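Trainee: I am new to this structure and would like to work through it with you, one question at a time.

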Amino acid sequence: GKPIANARVMAVLENRRMSSNPVQREMTVTAADGRYLIDTLSVGQRYRFGVIAEGYAPTFEVSGTAIGAEDLERDFTLVEGGRLEGVVTDEATGKAIQNARVAVYVGPMPWGRQRADPDAKAAADLRLTDEKGTFAFDALTPGPVTSAVVQAQGYVSRSFMRWPPPGAPWPDVVAAETTEVTVALKRGGTIRGVVQTKDGAQPIQGAEITVMASGPMAWMAMATGTPTAVSGADGSYALEGVLPGKYSLMAYADGFSPAGGEGGVEVTIPAAGGTVEQQLVLISAGVIEGVVKDPEGVPVAGVQIRVRAGPGGGGGGFGGGMRRLRSMLLGGANPADLTDDEGRFRLEGVASDAMWIVYGESDEYVSGETKPFKIAAGETKQVELQMLPGGSIRGVVFDDSGKRLAGARVQVGRLPDDLAKKRNLSAFEARRVLGSKVYTTDDEGGFFAPNLKPGKTLVRASKDGYITHYKRNVTVKPGETIENYQVPLGRGEVVEGIVRGADGRALAEAMVALTVQTNPRRWGQQEESEDDGEVSEEVEPMMFARTDRDGRYKIENVKPASYSVVVWFAQGHKGWSRESSEAAIHRGIRIPGDVPDFKLEKSEPRAPGAGMGGGR
């Protein structure tokens, strides 16, 4: 109970979307009495708080906290950490590997019921191995090692993860105890060559090169990272430690389009490894010029202009995820400008291989954007952008009895045409369009959401202990305010059950979900096209949980209806996601009501390294 001085307290702005934007954080240091003050937080935003102090386990909140108009008090109690140590060696020779990077994440991941738990804590840390190949984390937060990644120059990275099963997780960290692990890394192949201009007359220095895999290897790379390099003064580069397989080799530099276009340059590392030579040619990028006007045609000054990747064709699924990842890689080099007094802007070095959208941001207007377009190498493209006055929603949140609810969280987002026309929408899809701004209801349950982008709009409202509300029945018009918008929040049901293995024993860490779908879409399965029909104003919420050590799961705040209860993953057993095991799904379960226990089928042994676990 003693106060801790000189502890670093951090507040990190929560961003639930994959983004190349830098992390925004505020930080302070505790005084001699352990007290701290952070007075630079933005009202309406969500932050996750963390504390680092010498001699104690670092701690970081999994669940974000919305900042209201009134001051917030948050106390922290630090605990004694556990020690995690190990050695990293060459798989073929057994020799120690020096300067290998070992990264660990301890504690629950920020999703599902763990995100909703305000007491859930986690921490991450990084170490380099010494000349003997050893590493040690002296004070880790006690708990499960949810993810560990080991990387070394010239070697294939390995990940040890608890999700999704089957993985190869490291043992738990125990307070005041030492946990030992060993890791053997395999040498990978090498890709080397020169980055140069199209005519070959000039090498390109400072080009960034990376490889992108496809299929399951790509998802593994999301955990372990991929080899990267920067070309030297002579344009030469070398990527080492590349796992055998097929890749898209991506190279980009300021003022040039990525090598090979949107798909990159295809390259294959043979099963035996070795060195592959690949020259990379970059073509001069294009320029975008334009003017920004308001609805009356008057130029608008001071608008921040940027570009983002447009649709690359095709639908969602894995391919769409790869396009989003590619756009993140390219996003770091995206140009930006500020309109002058005549509303004009100029963006140089825009890649000519991809679809782009130019968009503008201003405090006085909602974000405006162009339609997607491509630009040719060396082309100067003229565009015009219109900024619109935003609309507003003023409303109230109340419960089943009509009582107004203070402290409810409201988010609003404009639905793009493809989602607005979709008959059935999931919360995963809905969350992509919601703005980061959170409006917290006042003592009278009221909220006001200003400066909203005109069009079909999604409203989400939530409060602990209530069913999350989603509606897409609002059309926001420029310059108009929707008054007295009613948001009902009802109390939900609790769904509980047990997941057992083929031998009848309880299974821990199994992922269980509720869905209104009779046959939920599985891993790698493309979304089926929907027939024309009436668009549902409802959105299926995210409802899932993990089983505890007794195999029990608990999903709260469930709306009464008929559901399928599904076990997506379970260590060593067949789930619904990959194997479509009928033992992993109960259909037509009426809630409220009891759910039969699951007795899963044993899965077949998988090859070492298969799946994202990557370990043995």
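Predicted model: local features only at pLDDT ≥ 70, side-chain atom pairs only at ≥ 80, totals over all residues.

Mentor: Residues are numbered from 1 along each chain as its sequence is written, and side-chain values use heavy atoms, with hydrogens and water left out.

Trainee: How many helices and how many strands are there in the chain?

Mentor: Helices (H or I, at least four residues) and strands (E, at least two) are taken as DSSP runs and numbered from the N terminus. Counted in this way, the chain has five helices and 44 strands.

Trainee: Which percentage of the residues in the chain is buried?

Mentor: A residue is buried under 20% relative accessible area, exposed over 50% and partly exposed in between, with a 1.4 Å probe and protein chains only. Of the 616 residues in the chain, the buried share is 44%.

Trainee: How many salt bridges does the structure hold?

Mentor: Side chains of opposite charge can pair when their charged atoms come close. A salt bridge here is a side-chain nitrogen of Lys or Arg within 4 Å of a carboxyl oxygen of Asp or Glu. By that criterion, the number of salt bridges in the structure is 21.

Trainee: How many residues apart in sequence are the parts tied together by Glu14 and Arg46?

Mentor: The side chains of Glu14 and Arg46 meet in a salt bridge at 3.2 Å, N to O. Because Glu14 lies in the loop between β1 (8-13) and β2 (25-29) while Arg46 belongs to strand β3 (residues 46-52), the pair ties together parts whose separation in sequence is 32 residues.

Trainee: Which residues are linked with Glu14 in a network of salt bridges?

Mentor: Both Glu14 and Arg46 are buried. The network of salt bridges that includes Glu14 also contains Arg46 and Arg48.

Trainee: How many residues apart in sequence are the parts tied together by Arg394 and Glu483?

Mentor: Arg394 is partly exposed, with a relative accessible area of 38%, and Glu483 is likewise partly exposed, at 49%. Their side chains meet in a salt bridge at 3.0 Å, N to O. Since Arg394 is in strand β29 (residues 391-398) and Glu483 in strand β36 (residues 481-488), the pair ties together parts separated in sequence by 89 residues.

Trainee: Where is Asn484 found, and what is its phi?

Mentor: Asn484 is found in strand β36. With a relative accessibility of 53%, Asn484 counts as exposed. Although Asn484 is a residue other than glycine, its phi is positive, near 55°.

Trainee: How far apart in space are Ser462 and Leu489, C-alpha to C-alpha?

Mentor: Ser462 lies in strand β34 (residues 455-462), and its relative accessible area of 6% makes it buried. Not counting residues up to four places away in sequence, Ser462 touches Ala408, Arg409, Thr468 and Leu489, where a contact means heavy atoms within 4.5 Å. Ser462 and Leu489 are 27 residues apart in sequence, and their C-alpha to C-alpha distance is 7.6 Å.

Trainee: Which residue does a cis peptide bond join to Ile591?

Mentor: The bond has an omega of about 10°.
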